[in-house]
Amino acid sequence: MGPIVEIRNLTYSYRRQCERPALRDIDLAISRGEFVAIAGRSGSGKSTLCYCLNGLIPHSFGGHFEGEVRVSGTDTRAVSVPALARKVGFVLQNAESQLVGLSVEEDVAFGLENIALPRQEVSRRVAAALQKVRLGDRIHQSPWSLSGGQKQRLAIAAAVAFESQLLVLDNPTAELDPVGKLEVMSTIAQLNTEHGITVVIVNQELEEVIPYATRLILMDAGRIVSSGAPARVINEPGSLAQAGVKVPEVAEIAMRLKARGAWVGPLPLTVNDAASTLRSRMGSSARASHSHKASAKGQALVEVQNASFSYGDGVPVLRNVDLTIRRGEFVTLMGPNGTGKTTLAKHFNGLLKPTSGRVLVRESDTRHASVAQLAKIVGYVFQNPDHQLFARTLHEELAFGPANLKWPSTQVERAVEHALEHIGGPRRSADDPFFMGLAERKLVAIASVLAMEPELLVLDEPATGADHESALHIMNYLADLHKNGLTIVIVTHDVSLAANFADRIVVLQSGSIALEGSPREVFRRTSELESCLVVPPQGVQLAQKLHPPLDACRVSEVVEQLAGQ
Amino acid sequence: MADAYTIAQVSASRRTDPRVKVLYVLWIFVLVSFVADPRILSAVLLLTICAVFAARLSLLELVRSARFGFFVALASFLLWILFLRERGPALLQLGWFRITAAGLANGWSIAARIAAILLSCFVVFRTTSTREVMTALYRLRVSVPFAMVVGIVLRLIPQLRAEHATIIEAQRSRGVEFNSGGLLSRMRKHMAYLVPLVLRALKITSDLSLAMEARAFDPYAPRTFSRNLQFDSADYLLLGLMAILLVAAVAARFYGVGAMPTAWLPS
């Protein structure tokens, strides 16, 4: 049997972008049963390559297509997208936008009804597909009542119901919480190992796919720049950096050690690899534990006192929460979806008011203040900038908040100028935010809130969705603001971000605070973290696996302590 | 949240053939266009309210989710009362403000029409899945792309409602107070959520169309129908009743019954 995917000399450009091909000279063969992970920065052509596999390109997108793509021997240009759907299961990033039915069963059946299968066959395949993704018991439920991970598993079921041998997934875990990511990845792995389905998955987080992938492909500017076994690709010097892909934390640590001559041999792929390499050469001399810098406690900015909250249905989302955010802190709120993180954060600027207990912002009760009044003190940046940005120019966007606060026009102008400095200076003031990429729109959203000169900035997943380089840029921008005195609270699932940037972590569980302290203190309490479904970042896991364990949390600290031996 | 919208209702109206439900909406629409007498319109409105209860839906919740429509109904009611305050003897007088029988009758007939149409639409949409509405429209020989558009719009309502709520919160966090300021500044403020809402809607629909295409959707290809639509006796009964009432309404109107009584005519 020949390869399931064969791409020869593929060059493709979208309509009206002939001078800038999205894919250039792609040659690729994928054998049956492979698990192929594709990574690269935004705009490198990953999604475009996926669309080529199920015929959306060229059939739906049009554009200029050169070369040949064959799936199971069929030329994708010779057959229609619906015909290809039988050969290629396809899953998109956003789980909700793929929901078609009002029940789980209906949703999976939709595709099968489209190809006019007999009703009995539809029912048989629906049941089998749901079994494969372990949603068999949810068949009559509304898909909207499922968790994020379950919704994405449903989309996978709808794709495999075609009984195709190839499953293509375009960033399926990007919008999920860690629990969801894990369940989706293990479902995909199971389809690969138990049912022999060939998997092609776009995923920015190498840490997630490396345990399963048989091949890693790196893309840059429309080309495949590296392709091979993950261990080989990661060890190619500079390959990940060129493709703008985040190096898994353990590999990052090894890389930095290598640069200082403190690591020999190939880079590790997993925490266990790294730990065993390090253990074999480490002496047993106990290191003096670094005393951590006690952060200077400023005065209280937000005080949540015994606050509980429930939405209209009466189910409590927050239960007796006590929390103080002090001036100058950098706090992350963590915990799986549905534990009340965002609900709690929305109390800080009065979007929500506690049903019992109280929330004080600069010592005054939020119940007696409007959101607009609190906006002067607490800025809130939503996760998706699309929900926030609307103006035709950057200037108008940045002036919107200050004008709402009824500042005099000279003050508004000053605030806009100041905010512009962070995002490219005055020459950009006439730019249209609509035409900017996601990362830049995120920065504009942050700047548009900063223009109101708040004392506390609350951000919901500021880096999620952006590629590695952009995420780093956003986080460094926030770190700079923090250094200059801004108090920051981030709602996030990203443990690596929390470990490397925050000075306090608050973990919520079922609407209450389960754990709280410096990253070192919190990540040390492994069993409690486990019950809160939070997995420490690789750097912390590695530090804990060594004998004696390192007292380190940030990647730089781990490297320092290991290199200092 | 979006969920209330999408929870499949297990009730009498859920079991009714979707074709009957689609025809019911059409029927109410025709009925209220034919009849003008506020007393008969009250009866029609009562009927749609009964349908809400028969579907075991909460009337209050339904009114809340269609509050904009009901607001329009209320506004037209009040406007007619205001317009016709000089027509005939006052039923109630407060200074210059008078309520006349004509104002009351005309206001009520408009409001009852709007409310009946809203209630009938919402009952059907809440109790019928997108797939069923589409199947019904296919079977009623409505064009496939039209059935598709209806299906997609129904499917998008819950998601757009959630988006709308998030956008409002995001803009309120930027200090907007939507209910204050002059006309011009209010319009500007509304742009702050209309623009993101429209852009999000475009994004969501384009994603959805990709997902549907990837699942072999082709409006012109033969397809399997979710269930063998078969009228049962209850469906025939409902269709029969609807037909009889419709014929009666048309015939009555022909003989001059059901029009707005002369005493209440606006001019």
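These legends walk through several close-up views of a predicted model. Local features are included at pLDDT of at least 70 and side-chain atom pairs at pLDDT 80 or more, while totals for chains, interfaces and linings use all residues. Residues are numbered from 1 along each chain as its sequence is written, and chains are lettered from A in the order in which they are written.

**View 1. Chain A as a whole.** Let's start with the big picture: chain A holds 23 helices and 20 strands. Here helices (H or I, at least four residues) and strands (E, at least two) are DSSP runs, numbered from the N terminus. Along the principal axes, the C-alpha atoms of chain A fill a box of roughly 70 × 60 × 50 Å. For 565 residues, a compact globule would have a radius of gyration near 24 Å, and the 25 Å of chain A agrees with that. (That radius is taken over C-alpha atoms, and the globule rule is 2.2 Å times the number of residues to the power 0.38.) Of the 565 residues, 52% count as buried. A residue is buried if 20 or more other C-beta atoms lie within 10 Å of its own, exposed if 12 or fewer, and partly exposed in between, with C-beta atoms placed from the backbone.

View 2. Just after the helix, look for G55(A), which takes a positive phi of about 85°.

**View 3. The six-stranded sheet of chain A.** Here 6 strands make an open sheet in the order 16-17-18-13-19-20, with mixed pairing. Strands pair if DSSP finds at least two bridges between them. At the edges sit strand 16 (378-381) and strand 20 (512-517), each pairing on one side only. Neighbouring strands are turned by 20° against each other on average, direction ignored. Strand 13 (residues 330-334) and strand 19 (residues 504-509) pair in the parallel sense over 4 bridges, and M334(A) has V507(A) as its bridge partner.

**View 4. The four-stranded sheet of chain A.** This open sheet has 4 strands in the order 12-11-14-15, and the pairing is antiparallel. Its edge strands are strand 12 (316-326) and strand 15 (364-365). Strand 14 (residues 356-361) pairs with strand 15 over 2 bridges, and L360(A) has D365(A) as its bridge partner.

**View 5. Two helices of chain B side by side.** Helix 3 (residues 18-34) and helix 7 (residues 101-127) of chain B pack at an angle of about 175°, with their axes 9 Å apart. Axes are lines fitted to C-alpha atoms, for helices over the stretch in contact, and angles run from 0 to 180 degrees between N-to-C directions. The two helices are therefore roughly antiparallel (under 35 degrees is roughly parallel, over 145 roughly antiparallel, 65 to 115 roughly perpendicular and the rest oblique). Residues making the contact include V25(B) and F29(B) of helix 3 and I117(B) and C121(B) of helix 7.

**View 6. Where chain A meets chain B.** In this view, 53 residues of chain A are in contact with 44 residues of chain B. Two residues are in contact if their C-beta atoms, placed from the backbone, lie within 7 Å. Helix 4 (104-114) of chain A is one of the elements giving two or more residues to this side, and helix 4 gives the most, with 6 residues.
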